[in-house]
Amino acid sequence: MTRTFSAYRRWRGLDGAAETMVIDDGFSWGAMLFGPIWAIVRFRWRAAAALGLGWAIGAILAAAAGPAAGGLVWVIVAYWSGASARNFEALWLDEDGWRLDNVAVARDRDLAEAMLIEADAVRADGVERRW
């Protein structure tokens, strides 16, 4: 089974050294189950705030809907959290100076990183100082 991975790059210093971060795209089971705690553990404060706001609105709606419909509200909120968490994470990365550099489709993170390093080597010399 293949997944999509995004490589984000942030340039540091005058010598052109860069940091690269590879993250999974798509649905996040951790965000679905733990919501804002998932983002806090990953130090994504803006994503945690957005997910926390969504969960707070979900709690208000679940309380107003009553016990029977409250469960359905929580299922919807949990699905929304898992589906939108990666987008919130990407917004945080953009605000912190990270830029989307490349995308890879692979079965795991290691293979995706290898594909991204190979693609980067074709584009420029000195790839080892950027990964």
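Contact here means heavy atoms within 4.5 Å. Leaving aside neighbours within four places in sequence, Arg86 is in contact with Asp24, Asp25, Gly26, Ser28, Trp38 and Arg42. Arg86 lies in helix H3. Helices (H or I, at least four residues) and strands (E, at least two) are DSSP runs, numbered from the N terminus.

This is a predicted model, in which local features need pLDDT of at least 70, side-chain atom pairs count only at pLDDT 80 or more, and totals for chains, interfaces and linings use all residues. Residues are numbered from 1 along each chain as its sequence is written, and side-chain values use heavy atoms, with hydrogens and water left out. The predictor's confidence in each residue, pLDDT, runs from 0 to 100. The protein averages 85, and 91% of the residues score at least 70. Confidence is highest in helix H2 (residues 36-41), at a mean of 94, and lowest in helix H4 (residues 109-123), at 79.

Back to Arg86. Its relative accessibility is 12%, so Arg86 counts as buried. Buried means under 20% relative accessible area, exposed over 50%, and partly exposed in between (1.4 Å probe, protein chains only). The side chain of Arg86 reaches the backbone oxygen of Asp24 at 3.4 Å.

Ser81 also lies in helix H3, which spans residues 45-95. Ser81 is buried because its relative accessible area is 0%. Beyond its neighbours within four places in sequence, Ser81 is in contact with Ala31, Met32, Leu51 and Trp55.

Now the charged pairs. A salt bridge is a side-chain nitrogen of Lys or Arg within 4 Å of a carboxyl oxygen of Asp or Glu. The count comes to 8 salt bridges. Arg109 forms one with Asp24, the closest N and O atoms being 3.6 Å apart. Arg109 lies in helix H4 and Asp24 in strand S2 (residues 17-24), so this pair ties together parts that are 85 residues apart in sequence.

Arg42 and Glu89 meet in a salt bridge of 2.7 Å, N to O. Arg42 lies in the loop between H2 and H3 and Glu89 in helix H3, so the pair links parts 47 residues apart in sequence. Asp94 pairs with Arg99 in a salt bridge, with the closest N and O atoms 2.6 Å apart. Salt bridges that share partners join Arg42, Arg44, Arg86 and Glu89 into one network.

Methods
Polar contact = N/O pair within 3.5 Å; in protein donor to acceptor, adjacent residues only side chain to side chain.
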